[in-house]
Amino acid sequence: MQITLETKPYATLETDALVSYLFEETEPVQGRIAEIDKTANGLLAKIAKSGELTGKSLEFTLIHAPAGLKATRLLLVGAGKRDQFSGATLRKISGAAARYLKARSVKQFAFLVRENDANEQTAQALAEGVITANFETDKYKTDKKNDKSIDAILVAGFSDAEKSAGEKGLAKGKVIAESQNFTRDLVNEPSNKLTPRILAEKAEAMATEAGLAVDILDERRIADLKMGALLSVSQGGPEPPRVIVVTYTPATVQPGAPVIGLVGKAVTFDTGGISIKPADGMEKMKYDMAGGATMLGVMRALATLKPNVKVICVVPSTENMPGGTAQKPGDIQTAMSGKTIEVLNTDAEGRLILADAITYAKQLGVTHIVDAATLTGAIVVALANINVGVFGSDQAWTDKLLASAKAAGEKMWQLPMDDEYREFIKGSFADIQNIGSGKGGGSITGAWFIREFAGDTPWIHLDIAGTAWNDDAKPWLAKGPTGTSLRTLIHLVESF
């Protein structure tokens, strides 16, 4: 998709559609919308008076052959309450507009920003919205509608003086959105097309193309490092595990500067192992590598954005299969750190592979850690598919991430990590057990398990099990993988 900024008067743009937005208020036809209304001989005001044009969130009003415009159509999208308008709102309405128009075979359109909105942040949000909206999950359909895609978008409403800031925002938004789509494409792959070895190959290709350092640990190196927790998960099937390490190093590294560790769970398919999952919905378990895919997408973006901080990404990848050699409930494993683990449920495998990955990240020198994982069904019970669950060992570090989430427009909610929850994973026959004692708090006990391996290193865990996948299409996003948390993590790294 080509996105360019155009400073010509919007009325002169010859395009399939001119898109803009209006707010839910007593008189929605104001500002630039009022300008358009004037050329349209008061048509918009008449529609508003009839109650058909209110500005309510994601309300669409399509007008053909609008008077006074060279555009073939005029599409007005409701942006909701003016005082609640933000970059997140703009991402949604621009993405929803793109999907609305491409469903009607529109190939190119112009998006007119409102008065006082012509700035870098607006341009970035627009680019992110339309590029992620244009992504479809029909890769393996033989009858996919190739004509149903947006080829080009003009961003209008910027003056010549505002053009430089707008183009900077578009460029950054494009990098972030394309990296989010890179993540979504990985998550959407079926497990027969994306094994741990194939994921490692794709990560290596991405890193090489982006100019990032990359190291792939095969099963022999994993065994040499004594990553017993990761190996225990992989032993149930013939597919060997991999640990993917991708490193971004800025041009200048200050002595004593922080080193950010991004750790992502990448179980390319999770049957649950011997503690096998129900058949209903198990096909969705190809998405159990979304945490790892997110971290790889972040690294792809950082290679272009070039923040002034070193970042090391560690992605442990395996399948969790119930073969004859699979670990069994009651088995005791020894993690890379030397801590022993009583495996009471083989379907609580993500925390096992993260344990070794975090230990290795610390060995590589990271000073601050964020892990992301589709870890627990309990987080869906707690927060549904609205908020990412956030858990942290250091409040200052956690607050920094939450501030980035707010700035990036991603909903996240911090859950408690009181010491009393640590007792829930106290082992009977080993140091710790991999599930709680049955007293509830499943997402918290899962986080506490991972925290055991972070130790004194400031650490955050993002449970994305409820937010990494859309069961139904949204007006602004296709059904399937979402790429959640990527924008927040990029903002977090850039905040250093």
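Colleague: Hi! Let's start with α10: how many residues does helix α10 have, and what does it reach from its first C-alpha to its last?
Modeller: Hi! Helix α10 covers residues 350-363, so 14 residues at 1.5 Å a residue give an expected 20 Å, and its first and last C-alpha atoms are close to that, at 20 Å. Keep in mind that this is a predicted model.

Colleague: Noted. Is α10 mostly covered or mostly open?
Modeller: Mostly covered, with 12 of its 14 residues buried. Among the buried ones are Gly-350, Arg-351, Asp-356 and Tyr-360.

Colleague: And what follows α10?
Modeller: Gly-365 comes after α10, and its phi is positive, near 110 degrees.

Colleague: Which residues other than glycine have a positive phi?
Modeller: Ser-105 is one of them, with phi near 65 degrees, and Lys-226 is another, with phi near 60 degrees. For background, most residues other than glycine have a negative phi.

Colleague: Where do Ser-105 and Lys-226 sit?
Modeller: Ser-105 is in the loop between α3 and β5. Lys-226 lies in the loop between α7 (219-224) and α8 (228-234).

Colleague: What is the relative accessible area of each?
Modeller: For Ser-105 the value is 39%, which makes this residue partly exposed. Lys-226 has 64% and counts as exposed.

Colleague: Let's switch to α4. What span should helix α4 have, and how far apart are its end C-alpha atoms?
Modeller: The 14 residues of α4 (residues 120-133) should span 20 Å at 1.5 Å a residue, and the end C-alpha atoms are 20 Å apart, which agrees.

Colleague: Why call α4 largely enclosed?
Modeller: Because 12 of the 14 residues of α4 are buried, the rest of the structure largely encloses this helix. The buried set includes Gln-124, Leu-126, Glu-128 and Ile-131.

Colleague: What do those buried residues pack against?
Modeller: Strands and helices both: β1 (2-5), β5 (108-112) and β6 (152-156), along with α3 (87-102), α5 (163-188) and α14 (486-494).

Colleague: Which side chain reaches in at the start of α4?
Modeller: That of Asn-119, where a side-chain oxygen comes to within 3.2 Å of the backbone nitrogen of Gln-121.

Colleague: On to the strands. How many residues of β4 are buried?
Modeller: Six of the six residues of β4 (residues 73-78) are buried, so this strand is largely enclosed by the rest of the structure.

Colleague: Which of them point which way?
Modeller: Arg-73, Leu-75 and Val-77 point one way, while Leu-74, Leu-76 and Gly-78 point the other way, and all are buried. In general, side chains in a regular strand alternate between the two faces of the sheet.

Colleague: How do β2 and β3 pair with β4: parallel or antiparallel?
Modeller: Strand β2 (residues 18-22) pairs with β4 in the parallel sense over five bridges, and Ser-20 has Leu-76 as its bridge partner in β4. Strand β3 (residues 60-64) runs antiparallel to β4, joined by five bridges. There, the partner of Ile-63 in β4 is Leu-74.

Colleague: What about the sheet with β12 in it, what is the strand order?
Modeller: The order is β12-β13-β17, an open sheet of three strands with mixed pairing. Its edge strands are β12 (332-334) and β17 (432-433), each pairing on one side only. Strand β13 (residues 340-342) is parallel to β17 over two bridges, with Glu-342 partnered by Gln-433 in β17.

Colleague: Now the core. Which residues touch the most other members of the largest nonpolar core?
Modeller: Leu-296, Val-370 and Leu-462, out of 99 residues in that core. Helix α9 (residues 290-305) supplies the largest share of this core, nine residues.

Colleague: Leaving aside neighbours within four places in sequence, what is Leu-296 in contact with?
Modeller: The list includes Phe-182, Leu-199, Met-206, Ile-244 and Val-315. There is also a second, separate core of 33 residues, which includes Leu-5, Leu-75, Tyr-100 and Val-106.

Colleague: Last topic, the whole chain. How many helices and strands are there?
Modeller: The chain has 14 helices and 20 strands. Its radius of gyration is 24 Å, close to the 23 Å that the globule rule gives for 496 residues, so the chain is as compact as a globular protein of that length.

Colleague: And what share of the residues count as buried?
Modeller: 55% of the 496 residues. As for contacts with a separation of 6 or more, 78% are between residues 24 or more positions apart.

Terms used:
Residues numbered from 1 in each chain as written. Predicted model: local features only at pLDDT ≥ 70, side-chain atom pairs only at ≥ 80, totals over all residues. Heavy atoms only, no water. Helix = DSSP H or I, 4+ residues; strand = E, 2+ residues; numbered from the N terminus. Expected span 1.5 Å × (residues − 1). Buried < 20%, exposed > 50% of the residue type's maximum accessible area, 1.4 Å probe, protein only. Contact = heavy atoms within 4.5 Å. Polar contact = N/O pair within 3.5 Å; in protein donor to acceptor, adjacent residues only side chain to side chain. Pairing = 2+ DSSP bridges. Core = buried A, V, L, I, M, F, W, Y, C linked by side-chain atoms within 4.5 Å. Rg over C-alpha atoms; globule rule 2.2 N^0.38 Å.
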